[in-house]
Amino acid sequence: MTWTNTAAIHAPAPLCGPRDVAYARRMTDGLEDSALMLRYRDGDAAAFEALYLRHKDSLYRYLLRLSMNPHTAEDVFQEAWGKIIRARASYRPTAKFTTYLFRVAHNCFIDHLRRSKRHSGHSDAIPELAADPANEPERQTEQLLARQHLEAALKTLPDEQRDAFLLYEEGGLSLDDIALVTGVNRETAKSRLRYANAKLRTSMQGAGAGQSSVNRTPP
Amino acid sequence: MNETNDKLHETDPRVGATYRELARETVPIDVDAAVLTEARRAVESRSGIARLTGWLRPLAFVATAGLSLALIVQLSNTPDFQPPDSLDPVAAPLPADVFQDAADQTAEQFRRLGQDPAMSAPPDSTMASEPASESAPEASLLPAREGCDDQARNSSGTWWQCIRELEQRGLSEVAERELQALLRAYPQFSAPQ
């Protein structure tokens with residue numbers, strides 16, 4: 001999840017209507033995250049919209065899996081973006097924007113935990129995926145079972161390991177970035193990610209065995 | 001160990017693929033709207049402040065230029081200033097001279113009134129009254145202080161008479177100086193024995 005296009009930063013254009021918004025989106029598609037953030041710092045609202053569209057879902061899923069609670073995820077999600085909006089004047093592109101974004105979100109989540117003094121870890125709080133009518137019933141059943149096993153496995157992971165796994169999968173962060181976001185050294189982050197993958201792989205193998213048994217079950 | 005090796009060793013592609021296939025949750029629409037609205041409002045409020053400061057800066061520049069121009073015009077209309085001579089520290093009179101001038105003026109006033117300034121002067125004004133007594137009026141060609149005046153120098157005869165009076169008064173040095181001046185002015189003059 002990296003943008004390597006280093007197109008020149010254009011002057012921000014005022015937005016007047018839907019066509020202008022679409023034009024601004026096209027103009028910002030090739031820009032790096034840091035360039036978009038700098039343009040937003042200078043007053044270009046369309047740059048922020050492009051930046052937000054790039055990262056909103058991955059950040060939301062990170063917080064959703066981390067908190068295991070949709071309402072907590074939404075609250076922390078808004079709080080994190082709000083901090084980025086308010087701190088735009090002091091933004092300096094010294095690191096990858098995704099590292100900056102997920103670090104802010106991680107800290108917001110930690111603050112939320114300290115405020116609430118409790119960690120709601122109910123996996124059933126995550127909303128179910130809407131059934132795709134184009135999929136066959138068997139396929140839907142396989143996806144549902146696989147998701148249940150994966151979510152159960154994620155739930156059993158320690159918070160630090162789950163955090164490292166989600167930062168790697170959702171944020172696309174490197175080991176160095178994960179270490180920076182979580183405030184540990186590189187070897188600790190590497191160890192957490194390794195253990196998380198091992199546990200999830202084991203869980204996936206068990207799910208595959210269970211899935212086979214489901215497929216063999218006559219309708 | 002570089003990042004590529006880290007990915008190969010620390011992650012299982014099947015786990016990641018399964019997770020990405022299943023994790024499809026998206027941000028609720030109302031949350032999207034709230035975040036984007038906050039972002040736009042932040043930019044608009046900053047634009048308002050920027051517009052205000054954008055007007056203040058040229059206004060301050062114009063005000064400064066106007067005040068400077070008014071000051072220049074005011075200075076150009078002011079008449080030339082002539083400092084008084086008394087401000088020159090070299091030409092400033094000494095206190096003794098000031099007292100002498102005051103004493104002369106006082107003596108002149110008493111002379112007009114026919115009184116003796118030494119009699120009516122206060123006891124502590126002896127310094128000023130003493131020079132005035134030296135210049136007591138007499139019917140002679142001698143000036144008040146020293147030498148002969150222009151009236152006495154009109155002719156060699158009157159000039160010589162003035163010199164004789166100086167000698168009689170004991171002012172021999174002044175008389176000698178006046179005699180030298182007389183001989184320079186009238187080289188053919190021969191003093192009568």
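Reader: Which side chain of chain A does Arg20(B) meet in a salt bridge?

Author: This is a predicted model. In it, Arg20(B) pairs with Glu169(A), at 2.7 Å from N to O.

Reader: How many salt bridges are counted between chain A and chain B?

Author: The count is five. Polar contacts are a separate tally: the rule finds 10 residue pairs across the interface, with both residues at pLDDT 80 or more.

Reader: Which helices of chain A supply the side that touches chain B?

Author: At least two residues each come from H2 (33–41), H3 (45–67), H4 (70–86), H6 (137–156), H7 (159–169) and H9 (186–216) of chain A. H3(A) gives the largest share, 10 residues. By class, this side of chain A has 21 nonpolar, 19 charged and seven polar residues.

Reader: How is the extent of the interface read, and what area is buried between chain A and chain B?

Author: Interface size is often given as the accessible area lost when the parts come together. Here about 3,600 Å² is buried between the two chains, and carbon and sulfur atoms give 60% of that area. In residues, 47 of chain A are in contact with 33 of chain B.

Reader: What pLDDT does chain B average?

Author: The average for chain B is 72, and 57% of its residues score at least 70. Residues 120–140 of chain B are below 50, yet the model gives this stretch 15 contacts beyond near neighbours in sequence. Residues 1–5 of chain B also stay under 50, with five contacts beyond four places in sequence.

Reader: What ipTM and pTM does the predictor give the complex?

Author: The ipTM is 0.71 and the pTM is 0.53.

Technical notes. Residues are numbered from 1 along each chain as its sequence is written. Chains are lettered from A and ligands numbered from 1 in the order in which they are written. Side-chain values use heavy atoms; hydrogens and water are left out. pLDDT is the predictor's confidence in each residue, from 0 to 100. Contact means heavy atoms within 4.5 Å. Buried area is the accessible area (1.4 Å probe) that two parts lose on being put together, summed over both. A salt bridge is a side-chain nitrogen of Lys or Arg within 4 Å of a carboxyl oxygen of Asp or Glu. A polar contact is a pair of N or O atoms within 3.5 Å; within protein, one must be able to donate a hydrogen and the other to accept it, and residues adjacent in sequence count only if both atoms are side-chain atoms. Helices (H or I, at least four residues) and strands (E, at least two) are DSSP runs, numbered from the N terminus. Ala, Val, Leu, Ile, Met, Phe, Trp, Tyr, Cys and Pro count as nonpolar, Asp, Glu, Lys and Arg as charged, and the others, Gly among them, as polar.
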